[in-house]
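Work through the exercises below with the model open. Each task is followed by a solution in steps.

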Amino acid sequence: MNDAHNGLTVLVTGGTSGIGKALVEALAAKGCHVLTTSRDPHRLSPTDRVPGVSYLPLDLAEPDGPDRLAEDLERLGVLGEIDVLINNAGESQSGPFEELPAEAIERLFRTNVFGPVRLSQLVLPGMRARRTGRIIMVGSMLASFPLAHRSSYSAAKAALRTFATAARQELSPFGVWVSVVEPGSIATGIGLRRTKYLEDGSPYTDDVTTMLEHLDANERGGIPAEKVAATIIDAIVSPRPREFYAVGSRAPLPFLLKRALPRSLMSKIVAAQHGLKR
Ligand SMILES: NC(=O)c1ccc[n+]([C@@H]2O[C@H](COP(=O)([O-])OP(=O)(O)OC[C@H]3O[C@@H](n4cnc5c(N)ncnc54)[C@H](OP(=O)(O)O)[C@@H]3O)[C@@H](O)[C@H]2O)c1
């Protein structure tokens with residue numbers, strides 16, 4: 001896949017904003033056959049759409065969402081032809097561990113873990129048969145550096161990373177490479193779309209407010225989505241993509257610190273970066 005952007009068939013989930021949109025634009029400009037998804041493609045105006053890109057419906061929160069997308073791909077005759085799957089779509093969620101509703105945690109895991117896993121399973125037979133393929137899981141640095149009041153999100157992204165790391169060992173003998181890309185703070189406006197849980201009169205109110213103010217400020221000051229897209233494209237065109245990429249939030253510095261410092265000190269640093277004294 002060295003020089004071969006041209007002609008690659010690439011499926012990017014969640015290509016209507018942020019990192020996914022930047023990816024779709026960059027891949028289409030490179031001559032890839034790009035398919036992407038939205039929960040509601042019909043709401044997209046012509047100016048929201050990148051010319052030449054197919055927009056298909058997918059709601060990962062629905063248990064049969066990936067299977068329905070696979071049926072659409074089969075109807076289009078491309079299910080067995082996907083060269084690259086980028087599991088990018090995701091929900092951002094915050095809330096105190098004690099107060100997170102079970103149904104919110106379940107929806108988050110369906111959207112951020114079970115959906116991407118199922119979609120990967122559905123494109124794998126084609127990749128394996130052709131003995132070539134790339135699957136990128138878009139994780140989050142919060143999986144490597146868990147944060148207060150982001151427990152569900154940090155845990156979901158860590159679960160996705162672990163699925164990917166084990167699957168890579170199974171699939172690389174077939175020429176299929178699975179990689180994880182962990183973005184740090186990226187200026188996509190995702191904070192505006194975050195689902196937030198906090199009970200009235202919660203004892204965590206001040207803590208959550210402080211954390212969210214710092215989180216949103218970090219995201220606003222983050223790197224542009226195009227830089228994450230460039231990292232993902234480097235991964236998919238590499239003959240042997242790495243297991244793990246981190247981009248943004250001054251990576252690789254936090255990972256070097258994590259290796260050098262005691263775990264408890266690293267946790268304090270992560271909390272302090274979000275205004276929390278621990
Ligand atoms: N921005 C950051 O700082 C940051 C940091 C670390 C990791 N990430 C991860 O990077 C990925 C992209 O983030 P982003 O900042 O680009 O987010 P974004 O701008 O909010 O875009 C999210 C995309 O996912 C789609 N989506 C949302 N919920 C969905 C669902 N239930 N089913 C299917 N599609 C859904 C949205 O499409 P529709 O609304 O059209 O359905 C949209 O295209 C996510 O996995 C996120 O967790 C982001």
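Buried means under 20% relative accessible area, exposed over 50%, and partly exposed in between, with a 1.4 Å probe and protein chains only. The model is predicted: local features need pLDDT of at least 70, side-chain atom pairs count only at pLDDT 80 or more, and totals for chains, interfaces and linings use all residues. Residues are numbered from 1 along each chain as its sequence is written, and side-chain values use heavy atoms, with hydrogens and water left out.

**Exercise 1.** Classify A187 as buried, partly exposed or exposed, and list what A187 touches.

Step 1. Locate the residue: A187 lies in the loop between strand 7 (176-183) and helix 6 (190-193). Helices (H or I, at least four residues) and strands (E, at least two) are DSSP runs, numbered from the N terminus.

Step 2. The relative accessibility of A187 is 36%, so A187 counts as partly exposed.

Step 3. Take contact as heavy atoms within 4.5 Å. Leaving out residues up to four places away in sequence, A187 touches E219, R220, G222 and I223.

Step 4. For S94, the C-alpha to C-alpha distance from A187 is 18 Å, at a sequence separation of 93 residues.

**Exercise 2.** Is R134 buried or exposed?

Step 1. R134 sits in strand 6 (residues 133-138).

Step 2. Its relative accessibility is 3%, so R134 counts as buried.

Step 3. G175 is 41 residues from R134 in sequence, and their C-alpha atoms are 8.6 Å apart.

**Exercise 3.** Describe the chain as a whole.

Step 1. The chain has 10 helices and 9 strands. Its radius of gyration is 19 Å, close to the 19 Å that the globule rule gives for 278 residues, so the chain is as compact as a globular protein of that length. The radius is taken over C-alpha atoms, and the rule is 2.2 Å times the number of residues to the power 0.38.

Step 2. The C-alpha trace spans about 55 × 40 × 30 Å along its principal axes.

Step 3. Of the 278 residues, 50% are buried.

Step 4. Among contacts between residues at least 6 apart in sequence, 73% join residues at least 24 apart.
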